[in-house]
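This report covers selected local features of one protein model.

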Amino acid sequence: MTTTHEPPYPPHEPRRGRGPGNGPDRHNGPEEHRGSAAPEGGPDSGHGPERGPGHGHGPGHGHSHSHSHGPAAPVSRHLRKVIAAVLIPFAAAVVVGLAVLWPGGAPAHERTGVGFDRQTQQATVTKVVELSCKDVGAGGAPPAGGTSAGQGSSATREESGTCKKATIRVDTGNDKGRTFTEIVQPDQSRQLSEGQEVVVAYEPSAPKDLQYAVADVNRRVPLSVLAGIFAVAVVLVGRLRGVMALVSLAISFLLLNFFILPAILQGSNPLVVAVVGASAIMLIALYLCHGLSARTSVAVLGTLVSLLLIGVLGSVFIDWAALTGNTDDNTGLIHGLYPSIDMSGLLLAGIIIGSLGVLDDVTVTQTSAVWELHEANPTMGWRGLYRAGIRIGRDHIASVVNTLVLAYAGAALPLLLLFSIAQSGVGTVANSELVAEEIVRTLVGSIGLVASVPVTTALAALVVSADRPEAGTAPVGARPAVAGPAPAAGRGGRGRRRKR
């Protein structure tokens, strides 16, 4: 009678793939497991194949680390208390500031009839007829506020050629259904066509046949369609975070329209209003989009420090360069209607609010980079995390500063062309207050952005490396322990070194 002997353990097949535990353990034989019973469901219990992906450790390891790139693991209670001790008083101060400075609405004033400060109605072009400019007297002065305004002497010289006589119907207001005519000269930049929707200016003190004049084209439909495409794209790509981003954007506009602007018009200090309003926007936008976590709180702290630096530098250089903030027709009209508004303070408030959006991007990116670096290598100290994070931040600095400068240059392109036509020297152009304002705005904002990278990176490295997990909780970036035999110290150390 022949007797066969079954091995005490099933054959140990070598694993495929690379994991933190593969390498020194792939040749482990059954001898290493004698003297300890395999746990139920373990690799040697006969309950099926090996563990799935993410458990690359062999049976010679007692626990497994898997560094996923999902939501950040919560930090310890100690660090949460430290962060809360800083941010809760700050958030409370912002709420108190909102309550104290909240306006009852923009103060009323008599309309000047100039620029945006005039009554307007919606209208439609119902008929356009071509005729000789000489026959309709197009060489005369155009109606006040009409499409011919601002054409200069070229418009008055246009006595020959073909003009257009447009009939416009008022669609809103007390004079709904009323029609008037307007002459459109051939050299005007804005031509009217039949069926076109326009905005008309209304001046009640003018003679009846001159009370209405075309002020602009009605662009509500194309702008609404573009906004809808933007919202759909954000939601499709960002999903839930995209929805939260749109919600935070709407809240930002509400705070701007119902708090910041009316509070400044009521005579509150523009700098204080801007700091309180920008802080509220920052807290709402960051926590709403990125969640209530230590990672987001570090980004908030980095943004706050950078905003303070921008405020100090802006205040110093606006005073040193003697910038008044009153450089064009719009600011002149504001100063004329509300002489109590500090225009230089309004300029500084604009710098702070304008820098906030880009600051959020930089601080969140840097904080996330440090957190992911720590999850990839939990043994890395804060100096190593800082050095690795700052290398990422240098690329970010180069792109963001270039973006900011080009954005301001693009907005001021007509002004730069005007100086180029006048053949003014670079020094003369830069010394003019209109350009000096943009230079100070750009450079102060860029300094704040550059400073936000090392500040936020250092804060994130200190917080994540100083984390002390509570007893019974896994460290940041680690998964719960997997039951198994006691690890071999030598092999475990070599495995971690290979991972690094």
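## Basis

Buried means under 20% relative accessible area, exposed means over 50%, and partly exposed lies in between (1.4 Å probe, protein chains only). Accessible areas come from the Shrake-Rupley method with a 1.4 Å probe, and for residues only the protein chains shown count as cover.

This is a predicted model, in which local features need pLDDT of at least 70 and side-chain atom pairs count only at pLDDT 80 or more, while totals for chains, interfaces and linings use all residues. Residues are numbered from 1 along each chain as its sequence is written, and side-chain values use heavy atoms, with hydrogens and water left out.

## Surface patches

Patches are made of residues with over 30% relative accessible area and no salt bridge; like charges are joined within 9 Å, and nonpolar side chains (Val, Leu, Ile, Met, Phe, Trp, Tyr) within 5 Å. A salt bridge is a side-chain nitrogen of Lys or Arg within 4 Å of a carboxyl oxygen of Asp or Glu. Lys and Arg count as positive and Asp and Glu as negative, with His and the chain ends not counted. A charge is placed at NZ of Lys, CZ of Arg, CG of Asp or CD of Glu.

Val235, Leu240, Val243 and Val247 make up a nonpolar surface patch whose accessible area together is about 290 Å². Val243 lies in helix α3 (residues 220-265); helices (H or I, at least four residues) and strands (E, at least two) are DSSP runs numbered from the N terminus. Val243 counts as partly exposed because its relative accessibility is 31%. A positive patch is formed by Arg383, Arg387, Arg391 and Arg394. Of these, Arg391 belongs to helix α8 (residues 382-411) and is exposed because its relative accessibility is 51%.

## Strands

Strands β4 (residues 197-202) and β5 run antiparallel and are joined by five bridges; two strands pair if DSSP finds at least two bridges between them. Val199 has Asp216 in β5 as its bridge partner. Five of the six residues of β5 (residues 212-217) are buried.

Leu131 sits in strand β1 (residues 119-132) and is partly exposed, at 24% relative accessibility. Between Leu131 and Thr162 the C-alpha to C-alpha distance is 5.6 Å, with 31 residues separating them in sequence.

## Positive phi angles

Most residues other than glycine have a negative phi. Arg239, in helix α3, has a positive phi near 55° and is exposed at 65% relative accessibility.

Ala322 also has a positive phi, of about 55°. Ala322 is in the loop between α5 (294-320) and α6 (329-337) and is exposed, with a relative accessible area of 55%.
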